[in-house]
Amino acid sequence: ILERYNRTGDVARLLSDYESWAKGDHDPSLVAQFTQATVDALINTGHEKQARRQLKVLGEVVGKDQRSQQEYAKYQRQCESRLKNVKKEMRKARR
């Protein structure tokens with residue numbers, strides 16, 4: 001799924017493929033890892049709205065234990081920082 005996204009850049013297809021995949025019977029930690037990978041891919045390609053959507057999905061799939069919640073909160077802060085940087089870079093590129 002991610003390889004296809006890297007080749008095509010088709011965000012709608014990535015999200016559709018992700019949703020189909022997520023309906024399957026997968027280990028919860030695998031679902032969290034793959035969801036995080038989709039967030040990273042979307043941030044790296046400047047798709048802020050979709051990255052935030054997947055970040056919210058990640059928040060729903062991570063474990064409810066304190067450690068998992070702390071790791072998610074840390075990752076969420078990192079993503080916000082990365083999204084700000086991508087936004088800056090995109091503004092610079094438009095000039």
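Student: How are α4 and α5 oriented relative to each other, roughly parallel or roughly antiparallel?
Tutor: In this predicted model, α4 and α5 are roughly antiparallel to each other. Helix α4 covers residues 48-61 and helix α5 covers residues 66-94, and the angle between them is about 180 degrees.

Student: And how far apart are their axes?
Tutor: The axes of α4 and α5 lie 11 Å apart.

Student: Which residues make that contact?
Tutor: From α4 they are Glu-48, Ala-51, Arg-52, Leu-55, Lys-56, Leu-58 and Gly-59. From α5 they are Tyr-72, Tyr-75, Gln-76, Cys-79, Glu-80, Leu-83 and Lys-87.

Student: What classes do they fall into?
Tutor: The contact of α4 with α5 has seven nonpolar, two polar and five charged residues.

Student: Now for α2 and α3. What is the angle between them?
Tutor: Helices α2 and α3 pack at about 175 degrees, and their axes are 12 Å apart. An angle over 145 degrees counts as roughly antiparallel, and α2 and α3 are therefore roughly antiparallel to each other.

Student: Which residues meet there?
Tutor: Helix α2 contributes Val-11, Leu-14, Leu-15, Tyr-18 and Trp-21, while α3 contributes Leu-30, Val-31, Phe-34, Thr-35, Thr-38 and Leu-42.

Student: How many of those are charged?
Tutor: The contact of α2 with α3 has no charged residues; nine are nonpolar and two are polar.

Student: Let us take Val-11 from that list. Is it buried or exposed?
Tutor: Val-11, which lies in helix α2, has a relative accessible area of 9%. Buried means under 20%, so Val-11 is buried.

Student: What does Val-11 touch?
Tutor: Leaving aside residues up to four places away in sequence, Val-11 touches Tyr-5, Leu-42, His-47 and Gln-50. As for distance, the C-alpha atoms of Val-11 and Ala-41 are separated by 9.8 Å, although these residues are 30 apart along the chain.

Student: Leu-42 has come up again. What does Leu-42 touch?
Tutor: Its contacts are Tyr-5, Val-11, Leu-14, Leu-15, His-47, Gln-50, Ala-51 and Gln-54, again not counting residues up to four places away in sequence.

Student: Which residues touch the most other members of the largest nonpolar core?
Tutor: They are Leu-42, Leu-55 and Leu-58, in a core of 17 residues. Helices α2, α3, α4 and α5 each supply at least two residues of this core. The largest share, five residues, comes from α3.

Student: Switching topic: how many aromatic pairs are there?
Tutor: The structure holds three aromatic pairs.

Student: Where do Tyr-18 and Trp-21 sit in the helix?
Tutor: They are three residues apart in helix α2, which means that about one helical turn separates them. Both Tyr-18 and Trp-21 are buried.

Student: Which residues form a cluster through ring pairs?
Tutor: Tyr-18, Trp-21 and Phe-34 are linked into a cluster by ring pairs.

Student: Last one, Val-31. Buried or exposed?
Tutor: Val-31, found in helix α3, is buried, with a relative accessible area of 12%.

Student: And which residues does Val-31 touch?
Tutor: Val-31 touches Tyr-18, Trp-21, His-26 and Val-61, not counting residues up to four places away in sequence.

Note on methods. Residues numbered from 1 in each chain as written. Predicted model: local features only at pLDDT ≥ 70, side-chain atom pairs only at ≥ 80, totals over all residues. Heavy atoms only, no water. Axes fitted to C-alpha atoms, helices over the stretch in contact; angles between N-to-C directions. Helix = DSSP H or I, 4+ residues; strand = E, 2+ residues; numbered from the N terminus. Parallel < 35°, antiparallel > 145°, perpendicular 65-115°, else oblique. Contact = heavy atoms within 4.5 Å. Nonpolar A, V, L, I, M, F, W, Y, C, P; charged D, E, K, R; others polar. Core = buried A, V, L, I, M, F, W, Y, C linked by side-chain atoms within 4.5 Å. Buried < 20%, exposed > 50% of the residue type's maximum accessible area, 1.4 Å probe, protein only. Phe/Tyr/Trp six-rings, centres within 6.5 Å; stacked < 30°, edge-to-face > 60°.
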